[in-house]
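Hi everyone, thanks for coming. Could you have a look at this one with me for a few minutes?

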Amino acid sequence: MSPKPDGEGLVGMPVWLAVDESSKSSFGPTSATASAGGVTVTAKAKVSRVVWKLGDGATRTCTAGQMKPYKKSYGMRESACGYRYRSLPDNATNGRGTYKVTATAYWDVDWQVEGSDESGELDQTRTAQAEATFRESQAVN
């Protein structure tokens, strides 16, 4: 996320939601082979989508190619996979509050038994949580 979970954002400013798509362990594609009892199975997996629960009741679903990490050169541009918090959370005090954010990656897994026609598909999920702190900026005329 940008702002990072250990940083602070401003209500109304763009939030970038991202997964490192270059990491095979966090996004795929990846593969593994295992053998037991003379049977060898190869599985290939990749993330099809990530569902973000943003802590304020909103949900955002993003697919491959949408989740680019924020770069300073982007300035105030919005992400293809982004969000804007419109208010502080109910737990806010002194113009500052924290949202609990959950990201669930949905993995598509295809498997094949070597030397046979046996194959199939599995769906797997992996979930991570973080806290995102926001402040409210106020101007005086």
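This is a predicted model: local features need pLDDT of at least 70, side-chain atom pairs count only at pLDDT 80 or more; totals for chains, interfaces and linings use all residues.

Residues are numbered from 1 along each chain as its sequence is written, and side-chain values use heavy atoms, with hydrogens and water left out.

Okay, charges. How many salt bridges does the structure hold? Four, where a salt bridge means a side-chain nitrogen of Lys or Arg within 4 Å of a carboxyl oxygen of Asp or Glu.

One of them joins Glu8 and Arg96, with the closest N and O atoms 2.5 Å apart. That pair links distant parts of the chain: Glu8 is in strand 1 and Arg96 in strand 7, 88 residues apart.

Next, Glu131 and Lys100 meet in a salt bridge at 3.5 Å, N to O. Glu131 lies in strand 8 and Lys100 in strand 7, so this pair ties together parts that are 31 residues apart in sequence. Lys100 counts as exposed, at 59%. And there's a network too: salt bridges that share partners join Glu8, Arg96 and Arg135.

Now the rings. A search of the whole structure finds seven aromatic pairs. Rings of Phe, Tyr and Trp (its six-membered ring) pair if their centres lie within 6.5 Å; planes under 30 degrees apart are stacked, over 60 edge-to-face, and the rest tilted.

So how do Trp16 and Tyr70 sit, stacked or edge-to-face? Their centres are 5.5 Å apart and their planes at 70 degrees, so the pair is edge-to-face. Trp16 is in strand 2, while Tyr70 is in the loop between strand 5 and strand 6, 54 residues apart. Trp16 is buried at 6%, whereas Tyr70 is partly exposed at 31%.

Tyr83 and Tyr85 are edge-to-face as well, 5.0 Å centre to centre with 85 degrees between the planes. Tyr85 is buried, at 1%. Ring pairs link Tyr83, Tyr85, Tyr99 and Phe134 into a cluster.

That's it from me, thanks!

Methods: Helices (H or I, at least four residues) and strands (E, at least two) are DSSP runs, numbered from the N terminus. Buried means under 20% relative accessible area, exposed over 50%, partly exposed in between (1.4 Å probe, protein chains only).
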